[in-house]
Structures are given as C-alpha cells and as structure tokens.
Amino acid sequence: MCRTHDLYGMKSDRALCREVHLNVAYRWFCRLEFTDSVPHHSSMSRIRDRFGESIFAEIFERLIRHWQEEEE
C-alpha cells in the first residue's frame with residue numbers, strides 16, 4: 001500500500017486507506033480480497049516511522065530493476 005501511496009500521489013495515509021477501501025484496482029494491486037479489511041491509516045504511519053522511508057524506496061527500486069531484467 002505504501003507504494004500505491006507514492007505511485008499515485010496520495011496526499012495522506014487517510015486518503016490512501018479510503019481509496020484502497022473504495023477502489024477495486026487498488027485492492028487488486030495491494031492483493032486485498034473484497035472481504036479483507038484495509039489497515040487503519042495510523043498503522044501505515046507507524047510502519048513508515050518504524051522502518052523509515054528509505055527502506056521502502058530501496059525495495060521499490062529493487063523491484064523495478066528486477067522487472068526490467070525480466071523483460072530483457
């Protein structure tokens with residue numbers, strides 16, 4: 001969900017959780033079933049505070065490189 005936040009320019013964790021709750025495409029991207037609950041916005045903030053933004057950026061960059069290598 002954090003990558004969705006960055007990719008689609010969400011303004012806040014509240015907006016992210018609301019969009020993921022309402023939008024089927026976001027649910028699919030985040031691998032959430034219709035019956036799955038969306039994490040509370042405060043959980044997203046705590047996760048980011050605990051691990052830091054840099055770890056999420058690093059994971060995202062590695063995923064992009066991996067997908068680029070698969071295409072070659």
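Predicted model: local features only at pLDDT ≥ 70, side-chain atom pairs only at ≥ 80, totals over all residues.
Local features are given where pLDDT is at least 70, side-chain atom pairs count only at pLDDT 80 or more, and totals for chains, interfaces and linings use all residues. Residues are numbered from 1 along each chain as its sequence is written, and side-chain values use heavy atoms, with hydrogens and water left out. The chain holds five helices and zero strands, where helices (H or I, at least four residues) and strands (E, at least two) are DSSP runs numbered from the N terminus.

**Overall make-up**

- Along the sequence the pattern reads α-α-α-α-α.
- Taken along the principal axes, the C-alpha atoms fill a box of roughly 35 × 25 × 20 Å.
- Of the 72 residues, 26% count as buried; buried means under 20% relative accessible area, exposed means over 50%, and partly exposed lies in between (1.4 Å probe, protein chains only).
- The accessible surface comes to about 5,700 Å², and 54% of it belongs to carbon and sulfur atoms; such areas come from the Shrake-Rupley method with a 1.4 Å probe, and for residues only the protein chains shown count as cover.
- Among the contacts with a separation of 6 or more, 42% come from residues 24 or more positions apart; contact means heavy atoms within 4.5 Å.
- The chain has 11 positive and 13 negative side chains, and the centres of the two sets lie 9 Å apart.
- In that count Lys and Arg are positive and Asp and Glu negative, while His and the chain ends are not counted; the place of a charge is NZ of Lys, CZ of Arg, CG of Asp or CD of Glu.

**The nonpolar core**

- The largest nonpolar core has 11 residues in all: Cys2, Met10, Leu16, Cys17, Val20, Tyr26, Cys30, Leu32, Val38, Met44 and Phe56.
- A nonpolar core is a set of buried Ala, Val, Leu, Ile, Met, Phe, Trp, Tyr and Cys residues joined through side-chain atoms within 4.5 Å.
- Helix H2 gives the most to this core, with three residues.
- In soluble globular proteins, nonpolar side chains tend to be buried together.
- Val20 is in contact with Met1, Tyr26, Arg27, Cys30, Leu32 and Val38, leaving aside its neighbours within four places in sequence.

**Helix H2**

- The buried residues of H2 are Asp13, Ala15, Leu16, Cys17 and Val20.
- Their cover includes H1, H3 and H4.
- Asp13, in helix H2, counts as buried because its relative accessibility is 10%.
- Residues up to four places away in sequence aside, Asp13 touches His5, His41, Met44, Ser45 and Arg48.

**Helix H4**

- Helix H4 spans residues 41-51, and its buried residues are His41, Met44 and Arg48.
- Seen down the axis of H4, these buried residues fall within an arc of 55 degrees, so they line one face of the helix; the arc is that of the directions from the helix axis to the C-beta atoms.
- An α-helix has 3.6 residues a turn, so residues three or four places apart point the same way.
- The face of H4 turned away from the buried side carries the exposed residues Arg46, Asp49 and Arg50.
- Cover for the buried residues of H4 includes helix H1 (2-7), helix H2 (13-22) and helix H5 (53-71).
- Just after H4, Gly52 takes a positive phi of about 85 degrees.

**Loop residues**

- Arg31 is found in the loop between helix H3 (24-29) and H4, and is exposed, with a relative accessible area of 77%.
- Although Arg31 is not a glycine, it has a positive phi of about 60 degrees.
- Most residues other than glycine have a negative phi.
- His40 also lies in the loop between H3 and H4, and at 48% relative accessibility His40 counts as partly exposed.
- Lys11 lies in the loop between H1 and H2 and counts as exposed, at 80% relative accessibility.
- Lys11 and Glu72 are 61 residues apart in sequence and 35 Å apart in space, C-alpha to C-alpha.

**Phe60 in helix H5**

- Phe60 has its place in helix H5 and is partly exposed, with a relative accessible area of 22%.
- Not counting residues up to four places away in sequence, Phe60 touches Arg3 and Leu7.
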